[in-house]
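Dear colleague,

I am passing on a structure that I would like you to look at before we next talk. Please open it first, and then read the notes that follow.

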Amino acid sequence: MRRLFPVSSDFAAADREWSLTELAEVYAYPEDAPVWLRANMVSSLDGAAHVGSRSQPLSSEADMRIFGVLRALADVVVVGAETVRQEGYRPARAREAFAARRRERGQTPAPAIAVLSVSLDLDFGQPLFTEPLTPTLILTGERAPAERVEAARAAGAQVVLAGPGAGAAPLDAVRALADRGLGRILCEGGPRVLASFAAAGALDELCLTLAPRVALGDAPRVMEGKTELPVPRDFALGSLMEEAGFLFTRYRRS
């Protein structure tokens with residue numbers, strides 16, 4: 001892997017294998033931001049966010065390495081219920097390489113997974129709910145189906161009611177997580193969830209992997225929603241790395 005931007009004497013553009021510690025420094029959350037929401041997504045050259053409803057065909061070994069680092073730095077990983085169903089989400093695992101770093105920051109051994117859901121139509125017998133190292137959260141609204149809320153709690157999930165609606169509004173979800181001390185937030189999609197955070201102005205950073213592959217088909221792009229911004233929102237390039245033709249970009253809100 002080589003870093004193309006920014007280039008410094010410490011991180012030359014030479015192609016080499018990066019340590020997890022070096023990647024963690026590149027992707028560290030800003031120390032002066034008590035709450036920071038970053039997203040991590042992958043896209044094909046023609047804009048597809050997944051192939052056959054899964055992102056794995058667009059990924060690579062380096063992409064998965066960065067995926068693991070981003071998870072290891074986060075307090076909580078936010079994901080939509082549809083993505084949980086399509087991708088077969090499992091609990092985040094503890095990483096020995098990051099154990100000391102997480103202890104120093106007062107973090108749990110592994111980040112919690114927080115599922116955004118309106119209906120709570122989830123299989124509570126799945127490992128995400130039965131085997132988490134850190135209890136799984138469900139972000140929903142105060143008008144969520146009461147019987148599904150009780151089923152989720154009975155399965156061991158922690159239901160967080162964020163806002164007065166049937167589902168959790170983006171800003172209400174961020175505030176609810178921050179109130180629980182979970183300010184380092186990583187969103188892994190899907191496209192509709194990420195679009196809702198971006199439309200609400202809650203997205204601080206986008207880590208986007210551009211895969212050197214063409215997918216065709218009618219898959220959504222990394223953000224897919226009905227809300228159109230009257231003026232495009234600017235983001236500034238924070239870093240750019242490359243390995244095997246894959247580009248790993250990191251953009252921060254201007």
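Does glutamate 188 count as buried or exposed? At 7% relative accessibility, glutamate 188 counts as buried, where buried means under 20% relative accessible area, exposed means over 50%, and partly exposed lies in between, computed with a 1.4 Å probe and the protein chains only.

Before the rest, a word on how to read the values. This is a predicted model, in which local features need pLDDT of at least 70 and side-chain atom pairs count only at pLDDT 80 or more, while totals for chains, interfaces and linings use all residues. Residues are numbered from 1 along each chain as its sequence is written, and side-chain values use heavy atoms, with hydrogens and water left out.

The sheet

The model holds an open sheet of 10 strands in the order β1-β9-β10-β8-β2-β7-β3-β4-β5-β6, with mixed pairing. Helices (H or I, at least four residues) and strands (E, at least two) are DSSP runs numbered from the N terminus, and two strands pair if DSSP finds at least two bridges between them. At the edges stand β1 (2–5) and β6 (158–161), each with a single partner strand, so one side of each is left without a neighbour in the sheet. From one strand to the next the twist averages 25 degrees, angles being taken from 0 to 180 degrees between the N-to-C directions of axes, which are lines fitted to C-alpha atoms, for helices over the stretch in contact.

Helix α7 (residues 170–179) lies across β2, β3, β4, β5, β6 and β7, and runs at about 140 degrees to β5. In helix α8 (residues 191–199), the buried residues are Pro191, Val193, Leu194, Ala195, Phe197 and Ala198, and what covers them includes β2, β3, β4, α7, β7 and β8, a contact here meaning heavy atoms within 4.5 Å. Just after α8, glycine 201 takes a positive phi of about 80 degrees.

Salt bridges

A search of the whole structure finds 15 salt bridges, each being a side-chain nitrogen of Lys or Arg within 4 Å of a carboxyl oxygen of Asp or Glu. Glutamate 188, with which these notes began, meets arginine 71 in one of them (3.0 Å, N to O). Glutamate 188 lies in the loop between β7 and α8 and arginine 71 in helix α2, so the pair ties together parts that are 117 residues apart in sequence. Arginine 71 also counts as buried, at 13% relative accessibility.

A second salt bridge joins the side chains of glutamate 25 and arginine 101 (3.3 Å, N to O). Because glutamate 25 lies in helix α1 (residues 20–26) and arginine 101 in helix α4 (residues 99–104), this pair ties together parts that are 76 residues apart in sequence. Glutamate 25 counts as partly exposed at 48% relative accessibility, whereas arginine 101 counts as buried at 18%.

Arginine 252 forms a salt bridge with glutamate 205, their closest N and O atoms being 3.5 Å apart. This pair links arginine 252 in strand β10 with glutamate 205 in strand β8, 47 residues apart. Glutamate 205 is buried, with a relative accessible area of 0%, while arginine 252 counts as partly exposed at 27%. Salt bridges that share partners join Arg38, Glu205 and Arg252 into one network.

Backbone details

Most residues other than glycine have a negative phi, and most peptide bonds are trans. The bond from phenylalanine 5 to proline 6 is cis, with omega near -15 degrees, and proline 6 sits in the loop between β1 and α1. The bond from glycine 189 to glycine 190 is also cis, with omega near 5 degrees, and glycine 190 is in the loop between β7 and α8. Alanine 244, in the loop between β9 and β10, has a positive phi near 55 degrees and counts as exposed at 67% relative accessibility.
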